[in-house]
Amino acid sequence: MMPQILSIQHLKLHDCNASLVHQFRDLTSLRSLVIEKVSDLSYFSGAFPANNPLLTSLAIKSCPRLLSPPQELGSLTALKSLTIRWCKVLSSLPLSLQSLNALESLEIGDCHGLMSLPEGGTSGLTNLRSLSIENCNNLTSLSMDFQYLTCLQSLTIMYCPGIIMLPQGVENLSALRSLTILSCPQLMCLPGELQNLRELHSLEIRSCPGLEVLPEWIGNLVSLRSLAISDLPNIRLLPEGMKCLTALQHLSIQDCPRLIERCQEQSGEDWPKIAHIPYKHIGSPEQSNPSGAGSSSSN
């Protein structure tokens, strides 16, 4: 390999053969690395890319034969962003993930062979700000304990049909500002520990038909500014705690037939619970209100 190549800092390997990836295994100067559409990559050779101590960003995408990320992932002590997407047979994440003390963003998506996350796999992720887990069809357990994620600000769980409950330790997400749960049909309830998230500003729950109730403790989310719920057909009414959400500015309720009827302006039984909220959209998506319309509700 040419000397000038050995000092390269940014590398993107796209739509190539695995043999080319392996040729870069002696690189140690990388700061960012993208490996994408390498259809025959099933493993990483040697210590690469973990032998790049200055690496801050790693993205592995569309590698359909990849069985596992680099096992020495924990050696990347400077890594701030890790993305793994569209690796359909990837079946596990290394336990060394918990050693990524500098990691701020972790995104895992479209990895249908993944059935669980490593237990105790967050103990060292004390700087993680954003965690997104999306479209992992066979993921049945978020077994990683959330108790160490005290800096986490954004948590997104989307299109994971096997998820039944949120993991333990959610009450320790003291910095969490945004929580999105979308298309988790087997999710049966929201854990009571969520009421301790006093910094939560945005809560979005969509397409979770297993949910049958919005808990009364929702009124304890004193910083909540935006609440969006849709396609929750079994939710029958809003809790009295909605009256306590004095910081709530935006409320959206869509595709929830029972709730929409109860939240009609003036006439609905739940209207007194939400009348204080300045911006409301109650109805189907196509019945959107004009932006900045003040206190309003679709009929």
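Predicted model: local features only at pLDDT ≥ 70, side-chain atom pairs only at ≥ 80, totals over all residues.
Trainee: Thanks! Which residues is Leu106 in contact with?

Mentor: Contact means heavy atoms within 4.5 Å. Setting aside neighbours within four places in sequence, Leu106 is in contact with Leu82, Leu97, Leu128, Ser130, Leu131 and Ser132. By comparison, Leu106 and Leu30 are 76 residues apart in sequence and 19 Å apart in space, C-alpha to C-alpha.

Trainee: And which strand holds Leu106?

Mentor: Helices (H or I, at least four residues) and strands (E, at least two) are DSSP runs, numbered from the N terminus. Leu106 belongs to strand 5, residues 105-109. The chain has four helices and twelve strands.

Trainee: How do the strands go together, and in what order?

Mentor: Two strands pair if DSSP finds at least two bridges between them. Here twelve strands form an open sheet in the order 1-2-3-4-5-6-7-8-9-10-11-12, with parallel pairing. Strand 1 (10-14) and strand 12 (279-282) stand at the edges with a single partner strand each, so one side of each has no neighbour in the sheet. For angles, axes are lines fitted to C-alpha atoms, for helices over the stretch in contact, and angles run from 0 to 180 degrees between N-to-C directions. With direction ignored, neighbouring strands of this sheet are turned by 0° against each other on average.

Trainee: How many bridges join strand 1 to strand 2?

Mentor: Five bridges link strand 1 to strand 2 (residues 32-36) in parallel, and the bridge partner of His14 in strand 2 is Glu36. Strand 2 also pairs in the parallel sense with strand 3 (residues 57-61), over five bridges, where Glu36 stands opposite Lys61. Five bridges then join strand 3 to strand 4 (residues 81-85), again parallel, with Ile60 opposite Ile84.

Trainee: What should I know about side chains along a strand?

Mentor: In a regular strand, side chains alternate between the two faces of the sheet. For a case to look at, take Thr156, which is in strand 7 (residues 154-158). Thr156 is buried, with a relative accessible area of 15%. Beyond residues up to four places away in sequence, Thr156 touches Leu131, Ser132, Ile133, Glu134 and Thr180.

Trainee: Which residues touch the most other members of the largest nonpolar core?

Mentor: A nonpolar core is a set of buried Ala, Val, Leu, Ile, Met, Phe, Trp, Tyr and Cys residues joined through side-chain atoms within 4.5 Å. The largest one has 88 residues, of which Leu82, Met242 and Ile253 touch the most other members. Apart from residues up to four places away in sequence, the contacts of Leu82 include Leu58, Leu73, Leu97 and Leu106.

Trainee: Now the loops. What is the phi of Asn135?

Mentor: Asn135 has a positive phi of about 55°, although it is not a glycine. Asn135 is found in the loop between strand 6 (130-134) and strand 7, and at 23% relative accessibility it counts as partly exposed. Tyr159, another residue other than glycine, has a positive phi near 55°. Tyr159 is in the loop between strand 7 and strand 8 (178-182) and, at 40% relative accessibility, is partly exposed. Gly46, in the loop between strand 2 and strand 3, counts as exposed at 67%.

Trainee: Finally, into which domains is the chain divided?

Mentor: Domain bounds come from an automatic or database domain assignment. The chain is divided into domain 1 (7-102), domain 2 (104-193) and domain 3 (201-284), and 43 Å separate the centres of domain 1 and domain 3, taken over C-alpha atoms. Along its principal axes, the C-alpha trace of the chain spans about 75 × 35 × 30 Å. Of the 299 residues of the chain, 50% count as buried.

How values were computed. Residues numbered from 1 in each chain as written. Heavy atoms only, no water. Buried < 20%, exposed > 50% of the residue type's maximum accessible area, 1.4 Å probe, protein only.
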